[in-house]
Number of protein chains: 2
Amino acid sequence: MPQRQLAFPQVDCADCPIRHRAVCARCESDELEHLEAIKYYRNYEAGQTIVWAGDKMDFVASVVHGVAALSQTMEDGRRQMVGLLLPSDFLGRPNRERATYDVTATTDLQLCCFRRVPFHDMLSTNAHVSQRLLEMTLDELDAAREWMLLLGRKTAREKIASFLSIIARRDATINQNAKSGEVAFDLPLTREAMADYLGLTLETVSRQMSGLKRDGVIRLEGKRHIVIPDFDVLMDETGDDADGGVF
Amino acid sequence: MPQRQLAFPQVDCADCPIRHRAVCARCESDELEHLEAIKYYRNYEAGQTIVWAGDKMDFVASVVHGVAALSQTMEDGRRQMVGLLLPSDFLGRPNRERATYDVTATTDLQLCCFRRVPFHDMLSTNAHVSQRLLEMTLDELDAAREWMLLLGRKTAREKIASFLSIIARRDATINQNAKSGEVAFDLPLTREAMADYLGLTLETVSRQMSGLKRDGVIRLEGKRHIVIPDFDVLMDETGDDADGGVF
DNA sequence: GGCTGTGCTTGATCTGGGTCAAGGTCAAGC
DNA sequence: GCTTGACCTTGACCCAGATCAAGCACAGCC
């Protein structure tokens, strides 16, 4: 478990991903020193566990690059992913001493960490930070509710299509790689992790991926690289409203 | 749609349920006037729709009594409940103009409403309120993640048992009615609403309720009144860890 | 009293996705 | 070049829960 501490007080806020930079909104103010004093980086390898549910967790963090997953496991081993953290997402609860979920790196991962207690103390004095954190938490709640619809009511095929569209929309690489409406990206998850995300078995994930490929909705280059010839066709498979749902 | 406005500026903060009172933490300060100036009550009947997804929503609210549900509906009518609001729960997003979900009253309901824009403005000046709101939102996110495990991985019987234990634990009436470890309460939802909560059909809900009754895990007095002779026996049916999961 | 509508239960049958099992692909290490 | 192990695919079969259908319980109303 190599937990190298990189830069410490000399970290420049410009390093931070967008949302994290929003947390540091008062970069010009004297609060910056305070923020930086409790900030450090950690790196993890794909597959590593960052914390187990119930472990002490003495930091909160922002994802710099890579992907992390929050999951819950039942006594008999059934497993459900309940959070997927991409760059700029926030990890941890400032006022909670122990982790509620297993946290794992599904790709190589870099976190920008803040010591938990000083960070929590800062919330009461810094309205901008706690407001921004509220915004982010509300967004995550919306994402969780979208996810609940997927888990409770969608078919296996709709689940896969929805998952692919979620990753495609959030993956920063897609826009540059796009040629003539085509969208391409690498899956940051194994088939098993996808199954845990979607409430399926890995066999069903595999079969449905093959089905979408057979029907020309996606192309597979290797196991992990996805090409979507026509994003609208994929969206038709998700079961979601064509529009963003806004009337 | 009778939306009677009850008390207005003369409302006493003592009326407010616990969490809402926390929002008014500065009752003694001069901010009270500000809070009350934007506060009013609304009543709804069981079954009424409060707002539809996509509608303008010019208030946020705290549930005073009764139960409200947030749900999402797919084009073909498949429906998933994504939030169940009991007394003291918070409804709405201060900075969002339109509702994201259908909101319905599943029982007779009273809301304590705040005009959205003034409430949102208040957040930036009142650290206590926004911090408290952050706490509540994080709790809701945890509840949503528990719910995701239920939707993705639990069997129909485990879903029903989990649902009953959730309601039993949150229903304020249960503690007084308890005699010798027995727990009793009224279901605030129809079988159909339970099905929407659990990602099942109403027939499966009915069958599993009958199953739990046949096996002596619960007693049914009428359609809606539940008696749980031994709460531990019910918990064994949920699939959850015996303990709260805290190591 | 009977009628109507809403909510609930139960039975018969069907099917999507789980389970079990075999084998394929590919990269790393000897 | 062979072995090993991680990851993925595919096939055969099965079952939990969906679907379709009938009927019950009970409150409100004429």
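Which atom of DNA strand C is 3.0 Å from an N or O atom in the side chain of B:Arg224? It is a phosphate oxygen, and the pair counts as a polar contact (N or O atoms within 3.5 Å). This is a predicted model, in which local features need pLDDT of at least 70 and side-chain atom pairs count only at pLDDT 80 or more, while totals for chains, interfaces and linings use all residues. Residues are numbered from 1 along each chain, chains are lettered from A in the order in which they are written, and side-chain values use heavy atoms, without hydrogens and water.

Let's stay with the DNA. The side chain of B:Arg191 has an N or O atom 2.7 Å from a phosphate oxygen of DNA strand C, whereas B:Arg207 places one 2.9 Å from a base nitrogen. With five residues, α8(B) gives the most.

Now look at the sheet in chain A. Its four strands form an open, antiparallel sheet in the order β2-β7-β4-β5; strands pair if DSSP finds at least two bridges between them. Because β2 (49–51) and β5 (79–85) stand at the edges with a single partner strand each, one side of each is left without a neighbour in the sheet. Six bridges join β4 (residues 68–73) to β5(A), and A:Thr73 stands opposite A:Arg79.

Definitions and conventions: A polar contact is a pair of N or O atoms within 3.5 Å; within protein, one must be able to donate a hydrogen and the other to accept it, and residues adjacent in sequence count only if both atoms are side-chain atoms. Helices (H or I, at least four residues) and strands (E, at least two) are DSSP runs, numbered from the N terminus.
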